[in-house]
Amino acid sequence: MKRILINGINAKTGGGKSILTNLLQTIKSQNSSEIKYFILSPDPKLYQEFESEKINIVDIPNIFKKNLLFIGLFYWAIPNLLKKYKINSILNLSNIPIPTKIHQVFLFQWAYAVYPESTIWKKMELKDKLIRKTKILFFKINCKFIDVCIAQTTTIEKRLKEQYNLNQIKVIPNSVTFIDSPEPVKTSLPKGEKLLYLTHYYPHKNFEVLIPFAEKIKENNLDFKIITTIEESQHKGAELFLKEVSDKNLTEIIINIGPITINQISSLYNQCDALLMPTLLESYGLTYIEAMNFDTPIIASDLDFAHTVCKNGAVYFQPFDGEDLFNVTKDLFSNPEKIENLKANGKEILKGIPSWEVLIEKYVDLLKNTGR
């Protein structure tokens, strides 16, 4: 029996958590018993429901889950797991390749490693910058241990080849689960055209451009509302952003409803009129695909990763220019035909997104080798 480790140690929130959860749901539903999966996650309790004869949820000491101890994680804790469970193939969903001779398929989803030119580096606190730069150094050092690297877009493939000389790359778009649940969002949303920014707070999500955008809305007395889903505890920047919204009397335009559950997503999309994505970095962007499924037009950053996924299914703005965002949004909502075209184009793009079952098959095919 083949023994595969899925390293999901960084799958705490967002796309990483979604990928690991959906992979486990799909594996559990399959009838095949030829493979035994060992799952390393940030918190075993969150994934205990998937434990079965073919899925074993494993763990490491909590000390190795701390950001500052990632060297111990990849050079001691995980290698020990590989020996303990006699692993002969790895699907690595983490940020750094594992230094091992065991066959390793690496799913690349850490955009920081391929966007050295991004302005986000200038905005970053020194501690965060040092940690990320060190991780990038170890990513570069450990690239030689990757047997197959999965890039989710051709843009990421190109950047990996140019910056790390990685050639054994397979481009496989990620899958998405669409939950059409009736669970309502508890907060009552205001009237007007509602622009949804559905994400936790991270510095690269570029919330700050929403301030000048909201000021232009207020200045022109237009009925646009920006719906955010963050909370202060997520990051110091979230606290500062929400304080600035309050201090500048923009709370009637930027409405923060706080984090929502996965079962409330469809309800929220159905109540909003567009997805707003000013993000500065993405390796893929599951939210774009989600919006297309829920028939929601997209207003996206004019950056390569957004164009690669959204193509003609979005309108684009300069991500640091609140006035450009205002003009693009105003133009979109004054043109109903453009909105319908974006929706139709999004439906076409969705046809190229694989199901989780197909994705698992592709991953397993890449994991068949047992060594170099």
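Which residues make a nonpolar surface patch of about 340 Å²? The patch is made by Ile71, Tyr75, Leu137 and Ile141. Patch members have over 30% relative accessible area and no salt bridge, and nonpolar side chains (Val, Leu, Ile, Met, Phe, Trp, Tyr) are joined within 5 Å. A salt bridge would be a side-chain nitrogen of Lys or Arg within 4 Å of a carboxyl oxygen of Asp or Glu. Areas come from the Shrake-Rupley method with a 1.4 Å probe.

Before going on, please note that this is a predicted model, where local features need pLDDT of at least 70 and side-chain atom pairs count only at pLDDT 80 or more, while totals for chains, interfaces and linings use all residues. Residues are numbered from 1 along each chain as its sequence is written, and side-chain values use heavy atoms, with hydrogens and water left out.

Helices α2 (70-84) and α4 (126-142) each supply at least two residues of the patch. Helices (H or I, at least four residues) and strands (E, at least two) are DSSP runs, numbered from the N terminus. Ile71 sits in helix α2.

How covered are some of the residues? Buried means under 20% relative accessible area, exposed over 50%, and partly exposed in between.

| Residue | Relative accessible area | Class |
|---|---|---|
| Ile71 | 38% | partly exposed |
| Ser89 | 0% | buried |
| Ala238 | 0% | buried |

Now to the inside. A nonpolar core is a set of buried Ala, Val, Leu, Ile, Met, Phe, Trp, Tyr and Cys residues joined through side-chain atoms within 4.5 Å. The largest one has 88 residues, and Leu160, Leu210, Phe241 and Ile299 have the most contacts inside it. Apart from it lies another core of 29 residues, including Ile19 and Tyr37.

Helix α5 (residues 154-164) has Leu160 among its buried residues, along with Thr155, Ile156, Glu157, Arg159 and Tyr164. These buried residues pack against α4, β6 (148-151), β7 (169-171) and α10 (304-310). Just after α5, Asn165 takes a positive phi of about 55°.

Conventions. Buried means under 20% relative accessible area, exposed over 50%, partly exposed in between (1.4 Å probe, protein chains only). Patches are made of residues with over 30% relative accessible area and no salt bridge: like charges are joined within 9 Å, nonpolar side chains (Val, Leu, Ile, Met, Phe, Trp, Tyr) within 5 Å. Contact means heavy atoms within 4.5 Å.
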